[in-house]
Amino acid sequence: MCGDHSAASFSAPSRRAVFGVLGASVFAGLTACAAPETTPERSTPELTPGSAAESPGVPGSNGSLAVGGEVPPSSAATASPSPTATKRIRRTFIPDYQLPPIVGGLAPVITKIPTQHPVVFLTIDDGNIKTPESVKLMEEYDYPASLFLTKDTIADNPAFFKAFHAQGSLVENHTVTHNINMVRQWGYQQQLNDMVGMQEFAFQHYGRRPTLFRPPGGAYSNAMRQAVAAAGMKAIVTWEAKANAGKMDYQVGNSLRPGDIVLMHFRAEFAADLAAFRAAQLAAGLEVVLLEDFLGVA
């Protein structure tokens, strides 16, 4: 049915009309089938945990099943493919995890999302290396990501990261200075100042104050948790899996699991790291979902 998402079949009169047309009509119909179909980017029905396995579909550009399947390529089309990635319908999951509240002035710490949904969360840090290739690859794979950026590493070209924002990613807080010893060297107020500086920088350039914080090096303390809450953020986000030096490293197990938060960096090996993540994501059958959307803090 020309790649139509609808499961409805033709009525009996329509079938007789199709089989009774002349050759010219058949040709016209095939030509119409070859016309491109417009697909909304993120307009999706909600899925319950059990419905994902029951929904028909084929692997999408993100590596998992799109709702109702994706539009198959037309065998009649011979034109060159578009230079930009074709956006597909994203699956929407009803979150089965609620972000813990700030208690006693301390922001919660999240290392992994406990969920029954087949989802994984990509996070990319720092912003040192800025190449058009990284923008192109994220668009090609249709991956949304949480970008934990450091002011001192992106101040030379903050506009570069607007391309990722346009693709569905969000900028989060990774401090101004990226002092990996801030937990040991700095007290509450100096940590807070470093966070607030990035909060304001992000708002100035991207129109949104970050809601999530990643500590440089991953270490945190109660003083840091207090500073994160005071800076207006909702949680500290760490990780248990990372794409590094062209391979995947796991703190637990030897493959990606539902709810994993994956760490990457904007480095020279970005393409190799993203390829390693993609291979692991596809092998695990997981959907790349924006962490902020799942937590309700976008």
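Predicted model: local features only at pLDDT ≥ 70, side-chain atom pairs only at ≥ 80, totals over all residues.
Helices here are DSSP runs of H or I that span at least four residues, and they are numbered from the N terminus.

Helix α9 covers residues 222-230, and its buried residues are M224, A227, V228 and A229. An α-helix has 3.6 residues a turn, so residues three or four places apart point the same way. The cover over the buried residues of α9 includes the helices α7 (182-185) and α8 (188-206), together with the strands β7 (212-213) and β8 (235-237). After α9 comes G232, a residue with a positive phi, near 95 degrees.

The table sets out how the axes of each pair are placed.

| Pair | Axes come within | Crossing angle |
|---|---|---|
| α8 and α9 | 9 Å | roughly 40 degrees |
| α4 and α10 | 10 Å | roughly 20 degrees |

Because angles under 35 degrees count as roughly parallel and those from 65 to 115 as roughly perpendicular, with over 145 being roughly antiparallel and the rest oblique, α8 and α9 are oblique to each other. The crossing in which α8 passes α9 is right-handed. On the α8 side the contact is made by Y188, Q191, L192 and M195, while α9 contributes A223, M224, Q226, A227, V228 and A230. Sorted by class, this contact of α8 with α9 holds eight nonpolar residues and two polar ones, with no charged residues.

The second pair joins helix α4, residues 132-141, with helix α10, residues 270-284. By the cut-off of 35 degrees for roughly parallel axes, α4 and α10 are therefore roughly parallel to each other. Here, too, the handedness can be stated, as α4 passes α10 in a right-handed crossing. From α4, the residues E133, S134, L137, M138 and Y141 meet F270, A271, L274 and R278 of α10. The contact of α4 with α10 is made up of six nonpolar residues, one polar residue and two charged residues.

**Q199, a residue of α8**

Helix α8 also contains Q199. Since a residue is buried when its relative accessible area is under 20%, Q199, with 3% relative accessibility, counts as buried. A polar atom of the Q199 side chain lies 3.4 Å from the backbone oxygen of A231. When residues up to four places away in sequence are left out of the count, Q199 touches N173, R209, P210, A231 and M233.

Note on methods:
Residues numbered from 1 in each chain as written. Heavy atoms only, no water. Buried < 20%, exposed > 50% of the residue type's maximum accessible area, 1.4 Å probe, protein only. Helix = DSSP H or I, 4+ residues; strand = E, 2+ residues; numbered from the N terminus. Contact = heavy atoms within 4.5 Å. Axes fitted to C-alpha atoms, helices over the stretch in contact; angles between N-to-C directions. Left-handed = near helix turned anticlockwise from the far one by under 90°. Nonpolar A, V, L, I, M, F, W, Y, C, P; charged D, E, K, R; others polar. Polar contact = N/O pair within 3.5 Å; in protein donor to acceptor, adjacent residues only side chain to side chain.
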